[in-house]
Amino acid sequence: MIAGIIVGGASRRMGGRPKGLLPAPEGGVTLLERLARLCEAAGLRPVLVGRNAAVEAALPELERIEDRPAGVGPLGGLAGLLHAAGAASVVTLACDLPAVEGRLLERLLAASPGAPILAPRAADGRWQPFFARWDARCALPWIEEALARGERSLQPLLDRHGCALELDEAAWRSLRDWDTPEDVAAG
């Protein structure tokens, strides 16, 4: 199974530095290296999804998957990943998850095996699409339909087809991401 690590984006909030190349809180590696190791330990093949020259140069050993189509944001990256997966399921991970743990990733892989899309859903109703499992056979047609309608957000797609992965407070804390320099400073 493929684990697509989402690396696209301009990194404007981090002063142009790709978030995935920030140092992980422990271990002397970048966030992307840490995520790739977690994926491999869980039996997943990590790939980079999206275009980012600095990331590609830092991790040339990882396969890269193009957005399909380019320029439409995360939905294009997910479509490219699902096309590459064929009939298999995939996992999506944000590149800026400094605290996600292997046991939570393993739980995502094992929970609700028949779910077409499995993702955590916060109390406010928002989904976490970049810690999710997607059945390519089911999800790809839905994504292509959404793209044809001009949708760019994953939230409506998850509202229609997602199954919620229930998480406790500690698990939600491990999914916090680093969107700003203040997030990085807070650890």
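L48 touches I5, V7, L32, V55, L59, L62, E63, R64 and I65, leaving aside residues up to four places away in sequence; contact means heavy atoms within 4.5 Å. The model is predicted: local features need pLDDT of at least 70, side-chain atom pairs count only at pLDDT 80 or more, and totals for chains, interfaces and linings use all residues. Residues are numbered from 1 along each chain as its sequence is written, and side-chain values use heavy atoms, without hydrogens and water.

L48 lies in strand β2. Strands (E, at least two residues) and helices (H or I, at least four) are DSSP runs, numbered from the N terminus. L48 counts as buried because its relative accessibility is 1%; buried means under 20% relative accessible area, with exposed over 50% and partly exposed in between (1.4 Å probe, protein chains only). From L48 to L32 the C-alpha distance is 9.2 Å, across 16 residues of sequence.

Now the sheet. Seven strands form an open sheet with mixed pairing, ordered β3-β2-β1-β4-β6-β5-β7; two strands pair if DSSP finds at least two bridges between them. Strands β1 (residues 2–6) and β4 (residues 89–94) run parallel over five bridges. I5 has L93 as its bridge partner in β4.
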